[in-house]
Amino acid sequence: MMNKVIAVLFLWVVAFSVHAQTNDDRPLIVITDGVTEPLPFALPQFQAENSAASQISADITRLVAQDLAGTGLFREIPATSFISRVSSFTQPIAYADWRAINAQGLITGAVTVNGNQLVVKFRLYDVFSGQELGQGQQLVGTVDGWRRMAHKVADATYSRITGEGGYFDSRVVFVSESGPKDNRQKRLAIMDYDGANLQFLTDSSAIVLAPRFSPNGDRVLYTSFESGFPRINVLNVGNVSRQQLGTAQGEMAFSPRFSRDGRQVIYSLSNGGNTDIYRTDLGTGQHVRLTSAPSIETAPSLSPDGSQIVFESDRSGTQQLYIMPANGGDARRISFGDGRYGTPVWSPRGDLVAFTKQNAGRFHIGVMRTDGSEERLLTSSFLDEGPTWSPNGRVIMFSRETQGAGGTSSMYSVDISGRNLKAVPVQGGASDPSWGPLQP
Amino acid sequence: MKMMTRATVLLLALATAACTNPDRFGGAGGADGANGANGANGANGGLAGSANDPASPQFFNQTIGDRVLFAVDTSTITPTGKTILDGQAQWLQTNADYRAVIEGHADEQGTREYNLALGQRRANAVREYLVSRGVPSSRLQVTSFGKERPIEVCSEESCYAKNRRAVTVLSFSSITS
């Protein structure tokens, strides 16, 4: 029942303008905790340049709007309020008409379909200053890959308006769940960040937990109970072949993550009631023990520069967060608030650590600076856990389990500001998301 | 002939255990990986009265008790637990053909990774106790399901108390991992 993974898209980007961007790439909005008013944008339906493109141009336009509005940073102005009609991709922009309806951003586009080839052109305008923002772009791909084309347009738009990287053309690997709480079936699945293009990577014959993408998205590490004992598998996303990380009899291995170069795995190994953190080189199979305390050391996550590891330990008596050098050594505790802290994940920007906090019978997803300061709780529920970062470090996805006998798990996303909490639309139960990189 | 009969009885006994031990998930649609470790699966067992046979796994599971429970976030064996494990140790010494995998579990009030480690701690505490009572360590293996396999599904202490457990799961065949 293994599904084949989506065929690789051939997609490339061509800039129209010859000249590089000048100082007009200054962001229209700077994302801070203070941004509460979404930026209004107009997105007239992309021109269908031939009849074969008429439906898909509408679909692409909708998806670009959905991506942008879904961030909570942008608000789409309904087409019914438009004064100007955009009847050609090359016509001059009537800025006054767009100013009159308070559009700050305007996105125009054109779509051509030739057989299975799809060409999307788009331009972005800063209405208030009356200028094109950056360069027009042309994307060439396949009709099957139209969603990715739309996500690319949205990423470029987001990036030019905010000055930060986007996150729409990305995928999430997670655990798809079904069945009752006392016999839950779990299988690995992969999907686009917005829940589309769901595919299963394993069957449900063994419990699988906590998949983690490699830095370039080509492989996934996960924990499997195939043998009856938790063991770490490396799965190739392209051909769904998998390989077990060598583990001695009597040992349990779990909670893996790739190093930033994708060549090593850091993880937890349990033996004789003690759990410590290890690192294994995938090429040589050589492994190194990084902690050696009688307490539980688990959930390691490397800093973006690869020099440090944040992890959780109950060496103080309860679960808390610690940072140590990547090769092991003295660890310093960074969590000091009330309650227990687990599942730390270093942000892609390096400045924050996301975590699960358990306090007074509630679970929270939160972030703190890497020195433990400025702790901020983003969510609160019966059971939230397992944060993962969007590629640009602006959004966190996590699992939320509901209470009681009929409890089920689903995935949510939330901005690191704590705003824009929403469910990720997936059929059935879902847990343990790992957000992959922006696709090339 | 004698060997054959013995093997048949064991097979049926294991099959019965598979039907009554809630930690032996699987069956329809399931066939979870844990079954691979436990050996027995499926067949229509139901040998009534085998719990009266002190050499049967059924007796081990039901009369002695196949599990011990733990307080929140601890792996300390309680006095009640010790009594059960004393019985388990005696049974395992008498029935030397059996091996066991001790499965540690946690309640849902905790993060996934920590609960796996906590379950391992609990299972290992049971293993160490059984070894201290004379069971050869080579016959005992340890695993943890963390919070993945609750037997009680409510989100209250009455259920959590039963889910914080270590279950000694017998197997007749040799263990591989």
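Trainee: Let's start with strand β10 of chain A, residues 185–192: is this strand mostly covered or mostly open, and how many of its residues are buried?

Mentor: Keep in mind that we are reading a predicted model. A residue counts as buried if 20 or more other C-beta atoms lie within 10 Å of its own. In β10(A), 6 of the 8 residues are buried, so by that cut-off the strand is mostly covered.

Trainee: Which strand pairs with β10(A) over 8 bridges, and in what sense?

Mentor: A general idea for any strand first: in a regular strand the side chains alternate between the two faces of the sheet. Here, strand β9 (residues 170–178) of chain A pairs with β10(A) in the antiparallel sense. If you want one bridge to look up, take A:Val173, whose partner in β10(A) is A:Ile190. The hairpin formed by β9(A) and β10(A) has 6 residues between the strands, and A:Gly179 takes a positive phi near 85° there.

Trainee: And what joins β10(A) to strand β11 of chain A?

Mentor: There are 2 bridges between β10(A) and β11(A), residues 199–200, and the two run antiparallel. A:Ala189 has A:Phe200 in β11(A) as its bridge partner. In this hairpin, too, 6 residues lie between the strands; A:Gly195 has a positive phi near 95°.

Trainee: How many bridges hold β24(A) and β25(A) as a pair?

Mentor: The count is 5, with β25(A) covering residues 352–359. Within β25(A), A:Lys357 is the residue opposite A:Tyr341.

Trainee: Let's turn to helices. At what angle do α4 and α5 of chain B pack?

Mentor: Two packed helices are described by the angle between their axes and the distance between the axes. For α4 (residues 79–94) and α5 (residues 112–132) of chain B, the angle is about 60° and the axes are 9 Å apart. The two helices are therefore oblique to each other, and their crossing is right-handed.

Trainee: Which residues of α4(B) and α5(B) meet?

Mentor: From α4(B) come B:Leu85, B:Gln88, B:Ala89 and B:Leu92, and from α5(B) come B:Val126, B:Tyr129 and B:Leu130. By class, this contact has 6 nonpolar residues, 1 polar and no charged ones.

Note on methods:
Residues numbered from 1 in each chain as written. Chains lettered and ligands numbered in written order. Predicted model: local features only at pLDDT ≥ 70, side-chain atom pairs only at ≥ 80, totals over all residues. Pairing = 2+ DSSP bridges. Helix = DSSP H or I, 4+ residues; strand = E, 2+ residues; numbered from the N terminus. Axes fitted to C-alpha atoms, helices over the stretch in contact; angles between N-to-C directions. Parallel < 35°, antiparallel > 145°, perpendicular 65-115°, else oblique. Left-handed = near helix turned anticlockwise from the far one by under 90°. Contact = placed C-beta atoms within 7 Å. Nonpolar A, V, L, I, M, F, W, Y, C, P; charged D, E, K, R; others polar. Buried ≥ 20, exposed ≤ 12 C-beta atoms within 10 Å, placed from the backbone.
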